[in-house]
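Keep the structure open beside the text as you read.

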Amino acid sequence: MTIFIPTPLRPFAGGRNEIDVSAATIAGALDELTQAHPDLRKHLFTAEGKLRSFVNLYLNDEDVRYLPAKESTPVAAADTLSIIPSIAGGRPFSVVR
Amino acid sequence: MSALLMPRPVWEAIRAHGEETYPHECCGALLGVATPNGWRIESAVRAGNTRTDSAHNRYSIAPVELVQIERDARSRGLEIAGFYHSHPDHPAQWSATDFAEAHWLGCSYVITAVARGTATVTNSFRLCGATEEDKQFEWEPIAIDDECIGREPC
């Protein structure tokens, strides 16, 4: 399967925007990815090995956190995994007097 | 210091977006290519603001929309270079919320102040640093075609 690397993580993936892996599950794919590119690990996972809260994973167009098997979901060669850091923000609250 | 290169139609489009959504925040992605001195923006893509509960001072882009934006960018040989949003009746300066929610290291965050429905100042801030823990925003000038605009925000 193909893992799409977002802009901020490409420097830690050899400058590549996509990487092919041959794992059987999503977790296996991420493991293979970080084995090949160890610098990616700290950007994707906490020290405890959990996916960082602002990192979203999409298997094709499906949010992995809502798949029944989550990261244990089996993957096929034609599947894609997109790594998408969250994007949000906003101006400070205004005090109305 | 990096600089953000942007065609005038894109500059006008992101500012117009902020005027259209006023008094709510607008948001979108900037697609472009990396140069040694910063991003060269080719186009802006409007995105939906999922923070309908507090759109006057919050924005959020659904990750699934970013999957589609990134797919489109790839097909055009472009990258997601950054994002833009507006600050209704507030300066074009990043907030604590903007900073806490910024995770696209190396990308440019463009903010437009929209005062009473009219776009005023537009500033760009590059998210620098090597990790989430040492990230910092650095102001960068915006070059519209051949004209360099923008000033250091207060």
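## Chain B at a glance

Going along the sequence, chain B reads β-α-β-β-β-α-β-α-β-β-β-β-β, which gives 3 helices and 10 strands. Helices here are DSSP runs of H or I with at least four residues, strands are E runs of at least two, and both are numbered from the N terminus. This is a predicted model, where local features need pLDDT of at least 70 and side-chain atom pairs count only at pLDDT 80 or more, while totals for chains, interfaces and linings use all residues. Residues are numbered from 1 along each chain as its sequence is written, and chains are lettered from A and ligands numbered from 1 in the order in which they are written.

What about overall dimensions? The C-alpha trace of chain B spans about 35 × 35 × 35 Å along its principal axes.

Buried means 20 or more other C-beta atoms within 10 Å of a residue's own, exposed means 12 or fewer, and partly exposed is in between, with C-beta atoms placed from the backbone. Take the contacts in chain B between residues at least 6 apart in sequence: 63% of them join residues at least 24 apart. A contact is a pair of residues whose C-beta atoms, placed from the backbone, lie within 7 Å.

β6(B) (residues 108-115) and β7(B) (residues 118-128) run antiparallel and are joined by 7 bridges; strands count as paired if DSSP finds at least two bridges between them. One of the bridge pairs is B:Thr112 with B:Thr122. The two strands make a hairpin with 2 residues between them, and B:Arg116 in the turn has a positive phi of about 50 degrees.

β7(B) also pairs with β8(B) (residues 136-140), again antiparallel, over 5 bridges. There, B:Cys128 has B:Gln136 as its bridge partner.

## The sheet in chain A

Chain A has an open sheet of 5 strands in the order β2-β1-β5-β3-β4, with mixed pairing. β2 (18-20) and β4 of chain A are the edge strands, each with a single partner, so one side of each has no neighbour in the sheet. Further in, β3(A) and β5(A) run antiparallel with 5 bridges, and A:Leu57 stands opposite A:Ile83 in β5(A).

Helix α2 of chain B (residues 63-75) packs on this sheet, touching β1 (2-4), β3, β4 and β5 of chain A. Its direction makes about 115 degrees with that of β5(A), where axes are lines fitted to C-alpha atoms, for helices over the stretch in contact, and angles run from 0 to 180 degrees between N-to-C directions.

## Where the chains meet

The contact takes 20 residues from chain A and 29 residues from chain B. On the chain A side, β3 (55-59), β5 (80-85) and β6 (87-89) each supply at least two residues. That side divides into 10 nonpolar, 6 polar and 4 charged residues; Ala, Val, Leu, Ile, Met, Phe, Trp, Tyr, Cys and Pro count as nonpolar, Asp, Glu, Lys and Arg as charged, and the others, Gly among them, as polar.

Strand pairing crosses the boundary too: 3 bridges join β6(A) to β4(B) (residues 59-61), and the two run antiparallel. A:Ile87 stands opposite B:Ile61 here.

## The nonpolar core

Which residues have the most contacts inside the largest nonpolar core? They are A:Ile26, A:Ala29, B:Met6, B:Leu30, B:Ile41 and B:Tyr109, in a core of 62 residues. The largest share of this core, 5 residues, comes from β6(B). Such a core is a set of buried Ala, Val, Leu, Ile, Met, Phe, Trp, Tyr and Cys residues joined through C-beta atoms within 7 Å. Leaving aside neighbours within four places in sequence, B:Leu30 has contacts including B:Ile41, B:Ala44, B:Phe83 and B:Val110.

The peptide bond from B:Tyr22 to B:Pro23 is cis, with omega near 10 degrees. B:Pro23 sits in the loop between α1 (8-21) and β2 (27-35) of chain B.

A:Lys70 is not a glycine, yet has a positive phi of about 45 degrees; its place is the loop between β4 and β5 of chain A. B:Asp89, also not a glycine, has a positive phi of about 55 degrees and lies in the loop between β5 (79-88) and α3 (96-100) of chain B. B:Asp89 is partly exposed because 15 other C-beta atoms lie within 10 Å.

Conventions
Two residues are in contact if their C-beta atoms, placed from the backbone, lie within 7 Å.
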